[in-house]
Structures are given as structure tokens and as C-alpha cells.
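Here are my notes on the model you sent over, as numbered points. Have the structure open while you read.

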Number of protein chains: 2
Amino acid sequence: MNGQFSETLKGLKLKATPKRLAILRLLSQESTYVSPEEIWQRLRGRFGAIGLPTVYRNLEELAAGGVITKVIHPNRQLYYFLCSNRHHHHHFICVACRRVEDVDVCALNDLEREVDAKIGGRVLSHIVQVNGLCRSCAVAAAGSGEKQ
Amino acid sequence: MNGQFSETLKGLKLKATPKRLAILRLLSQESTYVSPEEIWQRLRGRFGAIGLPTVYRNLEELAAGGVITKVIHPNRQLYYFLCSNRHHHHHFICVACRRVEDVDVCALNDLEREVDAKIGGRVLSHIVQVNGLCRSCAVAAAGSGEKQ
DNA sequence: TCTTAAATGAAAATCGTTTCTCTTTAGAAG
DNA sequence: CTTCTAAAGAGAAACGATTTTCATTTAAGA
Ligand SMILES: [Zn+2]
Ligand SMILES: [Zn+2]
Ligand SMILES: [Zn+2]
Ligand SMILES: [Zn+2]
């Protein structure tokens with residue numbers, strides 16, 4: 001389990017430090033997207049301490065290495081999510097409870113090709129994300145009275 | 001021309017103030033995405049003055065009203081773009097020169113339907129954006145020596 | 001005009017994120 | 001098991017884009 005993560009880190013040429021392993025372990029157990037601050041709060045007790053900059057740095061490195069994913073949030077803050085789905089896909093995120101669901105959109109390679117053909121140049125990255133309320137949050141919202 | 005914008009603002013129940021009209025005019029003449037700060041800089045001379053918060057507020061209102069579009073930028077700062085294409089579509093953005101090109105992806109309604117069916121709940125918004133280098137910027141980058 | 005809610009500017013606050021600098025440590029080499 | 005060094009981390013401070021506050025001005029309908 002930890003060996004798994006150590007391998008992952010070795011693959012990225014990152015040292016398998018306790019902090020990194022803890023961050024990975026936490027993310028892997030979490031089914032929602034999480035902010036650096038939250039990760040920091042949850043990790044503070046264990047270890048003597050962990051610095052917030054360390055959390056930010058590691059999350060950034062892991063995201064750059066493709067191990068975790070950044071969430072594009074309407075509030076423009078940073079959130080990360082570890083998804084074990086190894087195929088190219090994208091996400092539905094619940095803005096209320098922060099759950100994440102995989103979305104397999106078939107047209108993505110087509111998309112990149114279309115852009116490539118029409119615009120030329122180089123595609124560096126693409127974002128596809130659906131924001132909303134998951135079923136339970138939508139039901140809850142409907143239960144109390146809100147718009148419509 | 002200004003009447004056009006006044007109508008737009010009236011439609012959003014926003015007063016047609018000189019500042020708003022100027023922001024709209026500026027955006028409509030611009031073929032790239034622009035930051036609030038840049039808009040502010042360019043508008044300072046005309047009028048006695050315009051406040052940066054005013055720029056931020058108005059851009060946000062216009063975006064909320066669907067008149068302009070937010071760009072999701074890798075550097076996580078705010079950028080806006082006024083696109084006259086009235087159909088549902090998304091964008092290719094050049095991270096170098098900030099040009100914006102329309103991308104018509106056919107699968108979008110399908111996407112929302114798929115999410116709706118698979119996940120349930122309520123879809124509030126979706127993001128589709130392709131980031132890269134436009135043709136000329138890619139050529140320029142290739143011209144000088146960079147990675148690969 | 002007159003009236004009023006909306007809009008604005010200037011200054012200050014906010015706060016998520018990053019930088020700095022010194023100390024510690026993982027991991028490879030011997 | 002030591003030694004060595006580049007990488008990693010802690011804590012504090014800085015940063016800076018964005019937002020808030022609040023007193024003043026203004027668009028627009030009556
Ligand atoms: Zn996933
Ligand atoms: Zn939810
Ligand atoms: Zn370009
Ligand atoms: Zn467009």
C-alpha cells in the first residue's frame with residue numbers, strides 16, 4: 001500500500017518522504033476533492049508537524065506528475081483529487097459535497113484533432129469538467145425551498 | 001454601436017453607465033482575452049478616472065449575465081473575453097498571445113445528458129476549453145530552440 | 001425636476017498562495 | 001553501518017490579485 005506510493009514517487013523522481021506518503025494516503029482514501037488547507041489540517045496531528053507550504057509544494061508536484069488532478073472550482077481556489085481511473089477521462093464535481101464522478105466523453109480525441117486541424121498550432125492541455133449538484137445534494141436542495 | 005450595448009445592459013437590468021459602456025466597447029474591439037488590470041490601465045486616461053474595483057465588479061456582472069466569458073487560465077488569474085458567436089460553443093485559447101478561437105464541439109449536449117443520466121443531480125455549468133499555442137505562436141516557439 | 005436605488009472611487013482589508021532562509025533528511029555511495 | 005549531498009521541510013514573512021467598506025455620485029423612472 002505504501003510501497004505502491006513509494007513506487008509512484010520513485011517514478012516521478014521524488015523522494016518517498018513521510019509527508020508525501022501521508023498526503024498520497026490521505027488523498028487515496030478520500031472520495032472528494034480537497035483543498036491544501038484541509039489536507040494540512042488533517043495531517044497536523046500526526047508527525048511533529050507539517051508546513052502548509054510543504055503541502056502546496058507536494059500537491060503541485062504530484063499534479064505536475066499526473067498522479068493527482070486539479071479541480072477547476074467556481075470559487076477559484078485550489079482543490080485536488082486522486083482518481084484511480086487510468087484512462088483518459090474527465091469529471092463531474094459536486095460543488096456542494098465535493099464528490100467527484102468520472103465522465104467518459106468519447107469526443108475528446110476528436111476535439112483535439114478538430115482544434116489541431118482548424119487552428120493549427122499546438123494543443124498543450126484541455127479542460128473538460130461538469131459542475132453541479134450530485135443526486136443527493138440536488139435532492140437535499142430541492143427538499144428545502146430554493147429557486148424553482 | 002453604443003446603443004447596441006445600452007440595449008444589452010438594459011436586458012440585464014444594469015444601468016448604462018459610461019464605465020460599463022467603455023468596458024464593453026473595449027472588449028468588443030479586442031480579439032484576445034484581457035485581465036481586469038489591463039482593462040483598468042487602458043481606460044484610465046479617458047474619464048476622470050475609473051476604479052479597479054469598478055472594473056472587477058462590472059466584468060463579473062457581465063459574465064454573470066452571459067455577455068462575456070471567463071477564461072480559465074493556467075496561472076489562475078481572471079481573464080475575460082467577449083465573443084459574438086451566439087451559439088453554444090467553447091474556446092481554444094493561446095497562452096502566449098491570448099488569441100481566442102471558437103471551437104464547436106458537437107458532443108456537448110450529449111455530455112450534459114450523459115452526466116444527467118449517469119449521475120443524476122443537477123448540472124449547473126460545464127467547462128470545455130483547449131489551451132495551447134496558436135499557429136503563429138507555435139511557429140515562433142519552434143523557430144527559436146525550445147523543448148524537442 | 002425630484003427621488004432613490006444603483007453605481008463608483010479610494011483606501012484598506014483579505015487571505016489563499018508563494019517565497020525566503022535555515023535546518024533536516026532520504027537515499028546513494030563507499 | 002557511516003558519509004555525503006541534493007532534495008525536502010518548517011516557520012515566518014511576503015505577496016498580490018481580488019474584495020470589502022463606506023462615503024459620494026449618478027442613471028433613469030415618476
Ligand atoms: Zn476520474
Ligand atoms: Zn453532492
Ligand atoms: Zn498565440
Ligand atoms: Zn467564441
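1. Leaving aside its neighbours within four places in sequence, which residues is Leu12(A) in contact with? They are Leu62(A), Gly65(A) and Val67(A), where contact means heavy atoms within 4.5 Å. Leu12(A) sits in the loop between α1 (2-11) and α2 (18-29) of chain A. Helices here are DSSP runs of H or I with at least four residues, strands are E runs of at least two, and both are numbered from the N terminus. At 26% relative accessibility, Leu12(A) is partly exposed; that label covers what lies between buried (under 20% relative accessible area) and exposed (over 50%), with a 1.4 Å probe and protein chains only. Tyr79(A) is 67 residues from Leu12(A) in sequence and 21 Å from it in space, C-alpha to C-alpha.

2. Some ground rules before going on. This is a predicted model, in which local features need pLDDT of at least 70 and side-chain atom pairs count only at pLDDT 80 or more, while totals for chains, interfaces and linings use all residues. Residues are numbered from 1 along each chain as its sequence is written, chains are lettered from A and ligands numbered from 1 in the order in which they are written, and side-chain values use heavy atoms, with hydrogens and water left out.

3. Now for Ser35(A), in the loop between α2 and α3 (36-44) of chain A. Is Ser35(A) buried or exposed? Ser35(A) counts as buried, because its relative accessibility is 8%. Not counting residues up to four places away in sequence, Ser35(A) touches Leu78(A), Tyr79(A) and Arg98(A).

4. That brings up Arg98(A), which is worth a look for its backbone. Most residues other than glycine have a negative phi. Arg98(A), not a glycine, has a positive phi of about 70°. Arg98(A) belongs to the loop between β3 (90-94) and β4 (100-103) of chain A and is partly exposed, at 23% relative accessible area.

5. Chain B has a positive phi to check as well: Arg76(B), again not a glycine, has a phi near 65°. Look for Arg76(B) in the loop between β1 (69-72) and β2 of chain B. Its relative accessibility is 37%, so Arg76(B) counts as partly exposed.

6. Staying in chain B, find Arg86(B) in the loop between β2 (78-81) and β3 (90-94). Arg86(B) counts as exposed because its relative accessible area is 61%. Its side chain reaches the backbone oxygen of Cys83(B) at 3.1 Å. That is a polar contact: a pair of N or O atoms within 3.5 Å where, within protein, one must be able to donate a hydrogen and the other to accept it, and residues adjacent in sequence count only if both atoms are side-chain atoms. Val67(B) is 19 residues from Arg86(B) in sequence and 9.8 Å away in space, C-alpha to C-alpha.

7. Helix α2 of chain B (residues 18-29) has twelve residues and reaches 16 Å from its first C-alpha to its last, close to the 16 Å expected at 1.5 Å a residue; the expected span is 1.5 Å times one less than the number of residues. Its buried residues include Arg20(B), Leu21(B), Ile23(B) and Leu27(B). What covers the buried residues of α2(B) includes α1 (2-11), α3 (36-43), α4 (52-64) and β2 of chain B.

8. Next, the DNA. There are 21 residues around DNA strand C, and the closest are Tyr56(A), Thr17(B), Lys19(B), Ala49(B) and Thr54(B); a residue is near the strand if one of its heavy atoms lies within 4 Å of it. Lys15(A) goes to a base instead: a polar side-chain atom lies 3.2 Å from a base nitrogen.

9. Which element gives the largest share of the surface near DNA strand C? It is α4(B), with four residues.

10. Finally, the two chains. A rotation of 180° with 0.0 Å of shift along its axis superposes chain B on chain A, at an RMSD of 0.1 Å, by least squares on the C-alpha atoms of residues with pLDDT of at least 70 in both. That is the relation of a two-fold axis.
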